[in-house]
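Here is a short briefing on one protein chain. Look at the structure first, then read the points below.

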Amino acid sequence: MKHTFLPGAVRVVSASLIAASFLVLSAAVGPTVVAPALAQSHAHGQGHQKGPNGGDMKDIAGVHAEILVAGRTITINVFDDADKPASTKGFTGSALVSDGKTKETVTLAPSGEAALKGETKGAIAAGATITILLKTEAGKTGQVRFSPHDH
């Protein structure tokens, strides 16, 4: 039997699966929990927003975080909803750096008024992913993944 690949059919099937998953999750945990999570995932899965310093910027723990990588240094610049620098006083964080072969966890500490920084043991490889875990002074937590060398 010969199968014909229809690119549009893949999108329709994917959309149907997402809709079905949403309905199952909504029934299990309630639409109030699932809808915002799905909306956040969808909003940030589309392209990359650039921050004022040229790094990728994503929402995490109620703030906007811009990642900059230079050599061994990971810098997370933090902004409020108006994209103004936000104080990182009382923030804690870590970065999990993975290049597919090795993983390293780096502590991120406040640096200056509106940034967190940490250093890896060696240079961060091209294609590495960096997962940021962040906790604000108010206790909000979040996690986001960046692939800063891919752009």
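**A strand pair and a core**

Ile132 stands opposite Val144 in β9. This is a predicted model: local features need pLDDT of at least 70, side-chain atom pairs count only at pLDDT 80 or more, and totals for chains, interfaces and linings use all residues. Residues are numbered from 1 along each chain as its sequence is written, and side-chain values use heavy atoms, without hydrogens and water.

**The hairpin**
- β8 and β9 pair in the antiparallel sense over six bridges. Pairing needs at least two DSSP bridges between two strands.
- Five residues lie between the strands of this hairpin. Gly139 there takes a positive phi near 95 degrees.

**The core**
- The largest nonpolar core has 22 residues. Such a core is a set of buried Ala, Val, Leu, Ile, Met, Phe, Trp, Tyr and Cys residues joined through side-chain atoms within 4.5 Å. Buried means under 20% relative accessible area, with a 1.4 Å probe and protein chains only.
- Ile74, Ile76, Ile130 and Ile132 have the most contacts inside this core.
- Elements giving two or more residues to the core include β3 (63–70), β4 (73–79) and β8 (129–135).
- Beyond its neighbours within four places in sequence, Ile76 is in contact (heavy atoms within 4.5 Å) with residues including Ile67, Leu108 and Ile132.

**The whole chain**
- The chain has two helices and nine strands. These are DSSP runs, numbered from the N terminus: helices are H or I with at least four residues, strands E with at least two.
- From the N terminus, the order is α-α-β-β-β-β-β-β-β-β-β.
- Of the 151 residues, 32% count as buried.

How values were computed. Buried means under 20% relative accessible area, exposed over 50%, partly exposed in between (1.4 Å probe, protein chains only).
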